[in-house]
Amino acid sequence: MSGVNRISGAGRLTPARTARFTFDGRTLTALEGDTVASALIANDIHLVGRSFKYHRPRGILSAGAEEPNALLDVSRDAARRQPNVRATVQEVFDGMNVSSQNRWPSLAFDVGGFNDLLSPFFAAGFYYKTFMWPKAAWHNLYEPFIRRAAGLGVAPTEPDPDHYASRYTHCDVLVVGAGVAGLAAALAAAKAGAKVIICDEQPEVGGALHYDSGTVVDGKPGYTWAQETGKALAGMDNVTVLTRTTAFGYYNHNFVGLVERVTDHLAAIDKTLPRERLWQVRAKKVILANGAIERHMVFANNDRPGIMLASAGRTYLNHFGVSVGKQVGIYAAHDSAYEAAFDLKKAGVAVAVIVDCRERPGEAVLAEARSLGIEVLTGHSVVNTTGKLRIASITVARNGGGGARKIAVDALLVSAGWTPSVHLFSQSRGKVKFDAATERFLPGTYAQDCLSIGACNGTDDLQATIDEALAAGELAARAAGAEGGGQVALTGQNAFEWTGGMIGAAEGAGPDTTVKAFIDFQHDVCAKDIRLAVREGMHSVEHIKRFTTNGMASDQGKLSNMHGLAIAAEALGKGIPEVGLTTFRQPYTPVTFGAIVNHSRGSLFDPARKTPMHAWEEAQGAEFEDVSNWKRAWFYPKAGENMHEAVARECKTVREVAGVFDASTLGKIEVVGPDAAKFLNLMYTNAWDNLKPGRCRYGIMLRDDGFVYDDGVVGRLAEDRFHVTTTTGGAPRVLHHMEDYLQTEFPHLKVWLTSTTEQWAVIAVQGPKAREIIAPLVEGIDLSNEALPHMSVAEGRICGVPTRLFRMSFTGELGFEVNVPADYGQAVWEAIWARAEPMGACAYGTETMHVLRAEKGYIIVGQDTDGTVTPHDAGLSWVVSKKKPDFVGIRGLKRPDLVKDGRKQLVGLRTKDPKVVLEEGAQIVADPNEPKPMTMLGHVTSSYWSPNCGRSIALALVAGGQARLGQTLYVPMADRTIAVEVSDMVFFDKEGGRLHG
Amino acid sequence: MLLIYCPYCEEERSELEFRNAGDAHIARPTNIAEITDEEFEAYFFLRDNPKGVIFERWRHIHGCGRFFNAARDTVSDRFLTTYQAGEPKPDLNAQPKTSATLETYDEALEGAAQ
């Protein structure tokens with residue numbers, strides 16, 4: 001038997017197909033197709049959790065995505081465990097383990113329940129006011145305690161072993177929701193020839209037809225019609241039917257995010273399947289058929305396990321074949337709840353009473369109740385309930401006072417009416433309007449190409465819904481360009497016409513009371529909390545929401561928003577539309593991080609760029625560092641060497657013999673055209689017309705505000721052709737910056753820009769023996785000082801392949817940068833290495849490159865400059881032309897703040913104790929004894945141990961730095977103060993003779 | 001995610017292919033070296049940041065690479081039009097209404113009936 005509450009002959013599940021699962025360690029039997037909620041209720045379990053703040057016992061409230069209470073921990077194995085799963089949505093599979101959350105030591109006896117007795121101290125806003133002082137206690141005491149006490153589930157600790165898929169797709173018409181309205185609209189759109197996607201969050205199509213047993217569509221029971229229609233649609237080539245698929249977000253330009261749950265309902269996982277599939281749909285037209293969500297009644301102690309929405313009671317009975325109790329009461333302000341009583345009664349379940357707070361319910365439902373012999377108390381209200389872990393009785397009183405009567409029940413089905421689901425409509429930035437007659441917000445002004453139909457559009461009658469859906473489906477298909485001829489006609493009929501509905505607090509929970517009448521179950525917000533918020537001065541609905549946290553839980557107030565709003569409006573003495581609704585945000589229901597992150601994790605999180613020589617470097621045991629997306633060889637430790645030792649050896653070897661360095665990551669841009677020199681004149685601060693072909697020049701690029709943007713060496717290959725290099729990280733933005741000016745400010749110039757960063761492999765050979773190393777490999781280029789002096793370039797061949805050979809240096813040594821087509825990079829590198837190694841040269845990495853350039857005072861843009869540094873600040877005034885009439889930054893450089901005295905300037909720092917290496921980023925002061933806050937003069941930008949100088953060296957930005965040469969300044973650290981002397985920036989080979997060796 | 005019509009590719013493409021490049025129709029003065037501090041401030045720093053229609057530059061950076069101009073409503077994020085760099089500011093009132101302009105449900109159904 002799959003549970004004591006299973007009613008033989010009721011529901012649509014197959015009794016023979018069972019599945020076993022555990023709940024808090026107890027093994028239970030379910031039927032295939034059960035949700036965790038239906039299986040628990042079938043086994044007479046209503047108590048499933050403790051509330052967030054007061055730790056009150058809570059049961060299953062709904063049968064759908066709106067569930068605020070029944071959040072459980074569901075696992076399949078140690079790694080596949082998910083907290084906060086809504087029991088009403090999760091399907092049972094054989095072998096699943098389910099545990100309750102937020103209780104200790106057990107669900108039935110929870111120590112935290114003590115909070116309920118202290119609840120007078122936990123009023124809305126309590127946390128804000130009480131846990132203010134002392135400030136430090138917030139981190140150490142209050143927050144950890146509150147987090148433990150007021151918790152949801154516990155996050156899993158193991159990595160997620162599942163994988164997730166992502167798809168982009170386009171369609172003519174996307175239909176969200178596969179109830180009557182959605183199915184009819186999809187059918188009409190599909191018959192008209194449109195490419196249609198229809199999705200629904202439930203495992204099967206049908207929507208409200210799951211519970212609404214009296215509905216007839218096309219002459220058939222509604223549910224049967226829905227399944228047949230779903231099958232027919234799935235069989236059409238132009239239709240995709242996605243079940244277990246939630247449209248969670250409606251974004252700009254009809255871009256809708258869907259998440260499809262692929263394996264969470266399967267007992268055995270097919271590892272080839274993704275756990276979830278993210279669909280990113282761009283639809284020409286969207287049809288919203290989201291339906292409506294039933295509201296609960298707001299009355300004293302309305303949160304006991306066993307109190308449920310009436311439609312949920314019908315779903316459990318009519319679909320799952322489960323009775324919610326043996327003696328069921330109904331409390332309603334809306335006719336729809338009566339049908340729950342009818343269904344139960346007909347299934348043989350005792351219905352204790354229907355309590356209706358209205359004087360005049362719908363006549364048809366009243367007559368049917370009488371004929372079924374169900375007692376109806378109109379003009380009465382439920383003013384209290386009893387029952388510790390499950391409802392035991394209701395107290396019913398005549399409205400306006402009068403004798404109260406206690407009625408024993410073991411379940412109470414409630415309905416205050418229906419709230420149209422305008423979530424996606426609102427996410428699309430559509431404006432809702434308030435319909436005063438029916439007291440509900442409906443789609444008003446549309447902002448995107450979508451249409452709302454059926455219950456979410458406020459259409460109640462079934463035939464009207466069908467007509468509206470068919471019209472919308474065909475309209476959307478035609479507007480999207482569909483030209484098919486098919487037309488659809490459908491008839492539908494409800495069993496009863498529904499009337500009624502209320503929002504706000506019911507009798508006995510009004511402003512004069514202090515009872516706990518919950519509106520937001522998940523955050524434990526009561527009607528009185530909203531009133532308190534208003535008394536405390538919160539007059540905007542946004543403030544009230546934040547003060548009380550109403551609607552801020554993971555259910556986002558699907559049940560509570562309208563009640564909270566009505567109570568706030570009453571307390572403020574305003575109309576509901578004036579108070580206004582808070583905005584609905586994506587996602588509609590919680591979405592897993594897995595679905596969002598999708599493939600972008602591990603090595604796929606961010607692409608790694610590797611140079612042509614990467615494999616060689618790896619084989620040599622190089623350590624790598626990340627520079628933008630590049631993997632750059634950092635240093636090459638020999639056996640037993642640490643980083644410091646390896647770098648020191650590399651630094652010495654380069655200056656004493658030579659070193660080989662992979663400079664392929666430098667940005668390279670080919671600037672070509674008759675106006676190429678003119679263009680560079682405008683982009684760089686110095687002049688380019690007078691640069692002869694075959695020569696190179698160091699250039700500084702500014703933004704128009706006058707600050708340094710990038711630097712690099714530019715070689716002129718011909719009158720109309722330049723080889724521009726940029727910093728590694730700056731390559732994309734420099735090209736973008738150049739394109740911007742070329743296309744929009746200087747479009748008259750005939751220039752073409754091409755990124756060649758990845759086309760060239762660059763091998764820097766630096767050091768006294770550099771020429772000797774490459775000479776035998778080079779053909780067609782005279783390497784002598786006379787033919788190829790420092791800062792020149794020549795084209796020829798190396799190892800038989802074409803090369804652009806630069807004579808340049810970022811080390812201060814005699815140096816060459818061998819550019820070869822990327823595919824030859826490793827082969828040429830190996831040929832050079834075969835000559836270099838026997839001579840005692842080394843391969844060196846970026847750390848050594850940094851030390852060597854700092855020894856020479858060469859700056860790195862982005863390390864020694866920070867976007868507020870001018871060329872003058874950096875000691876590079878010589879690079880700025882005084883003759884050119886224009887270049888980008890020419891006017892910015894003259895701004896008053898950029899020319900005034902006392903600007904931070906780049907200088908060298910020598911520690912008084914040569915062994916002390918400063919920390920990069922450390923602050924610099926003039927008077928180490930000045931009381932705090934001290935006057936900061938600047939900071940250290942680069943700092944290294946220099947093996948060639950035998951001392952520490954540093955560069956720093958210091959206010960008025962160039963006027964402070966020789967002064968002693970101080971670097972205060974946590975444990976000591978370091979004295980430094982301001983110096984020029986060149987620490988090694990001041991005369992620069994080595995460059996020309 | 002926005003859909004943006006590239007006036008060079010003559011195609012509507014996903015926002016992922018584009019990069020915004022700030023306000024449009026701000027020409028760099030040809031005599032920039034001589035302008036006053038106030039003129040430079042107005043050219044380089046001051047922007048209107050309107051609530052409503054903004055004329056701005058976009059670059060189809062992962063497509064054709066071209067810069068172009070767009071008129072966009074900063075409230076709804078709707079693109080009113082896009083046009084090639086160098087073209088004058090379009091008269092937005094003269095733009096034909098597209099099927100995407102705001103419409104209520106009733107208007108939509110009326111449109112269908114017609």
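Predicted model: local features only at pLDDT ≥ 70, side-chain atom pairs only at ≥ 80, totals over all residues.
**Chain A, overall**

I counted up the secondary structure of chain A and got 24 helices and 51 strands. I then boxed the C-alpha atoms along the principal axes, which gave roughly 115 × 75 × 55 Å. Burial came next: 52% of the 997 residues of chain A count as buried.

**Domains of chain A**

Domain 1 covers 1-156, domain 3 covers 296-416, domain 4 covers 510-578 and domain 6 covers 893-996. Two others come in two pieces each: domain 2 is 165-292 + 420-493, and domain 5 is 666-756 + 874-892.

I looked at domains 3 and 4 of chain A as a pair. Their centres, taken over C-alpha atoms, sit 25 Å apart. Seven residues of domain 3 and nine residues of domain 4 make the contact. On the domain 3 side I sorted the residues by class and found three nonpolar, three polar and one charged.

**Nonpolar cores**

Which residues have the most contacts inside the largest nonpolar core? My list reads Val660(A), Leu680(A), Ile763(A), Val765(A), Val818(A), Ile832(A) and Ala956(A), in a core of 106 residues. Domain 5 and domain 6 of chain A each give this core at least three residues.

Beyond its neighbours within four places in sequence, Ile832(A) contacts Val660(A), Ile763(A) and Val765(A), plus Ile773(A), Ile774(A) and Leu777(A). There is also a second, separate core of 103 residues, with Ile45(A), Leu61(A), Val92(A) and Ile503(A) among them.

**Thr263(A)**

Where is Thr263(A) found? I located Thr263(A) in the loop between β14 (255-261) and β15 (276-288) of chain A. Is Thr263(A) buried or partly exposed? I counted 18 other C-beta atoms within 10 Å, so Thr263(A) goes down as partly exposed, because being buried takes 20 or more.

Leaving out residues up to four places away in sequence, I have Thr263(A) touching Ile269(A), Asp270(A), Leu273(A) and Arg275(A). I also checked Thr263(A) against Asp927(A), 664 residues apart along the chain, and their C-alpha atoms are separated by 67 Å.

**The sheet in chain B**

I traced an open sheet of four strands in chain B, in the order β3-β4-β5-β6, with antiparallel pairing. At the edges I noted β3 (19-23) and β6 (79-84) of chain B, each pairing on one side only. Ignoring direction, neighbouring strands of this sheet are turned by 30° against each other on average.

I went through one pairing in detail. Strand β5 (residues 67-73) of chain B runs antiparallel to β6(B), and five bridges join the pair. Phe68(B) stands opposite Gln84(B) in β6(B).

**Where B meets A**

How many residues does the contact take from each of chain B and chain A? I get 28 residues from chain B and 30 residues from chain A. On the chain B side, α1 (37-44) and α2 (105-113) each supply at least two residues. The largest share of that side comes from α2(B), with four residues. Sorted by class, the chain B side splits into 18 nonpolar, five polar and five charged residues.

How values were computed
Residues numbered from 1 in each chain as written. Chains lettered and ligands numbered in written order. Buried ≥ 20, exposed ≤ 12 C-beta atoms within 10 Å, placed from the backbone. Pairing = 2+ DSSP bridges. Axes fitted to C-alpha atoms, helices over the stretch in contact; angles between N-to-C directions. Contact = placed C-beta atoms within 7 Å. Nonpolar A, V, L, I, M, F, W, Y, C, P; charged D, E, K, R; others polar. Domains from an automatic or database assignment. Core = buried A, V, L, I, M, F, W, Y, C linked by C-beta atoms within 7 Å.
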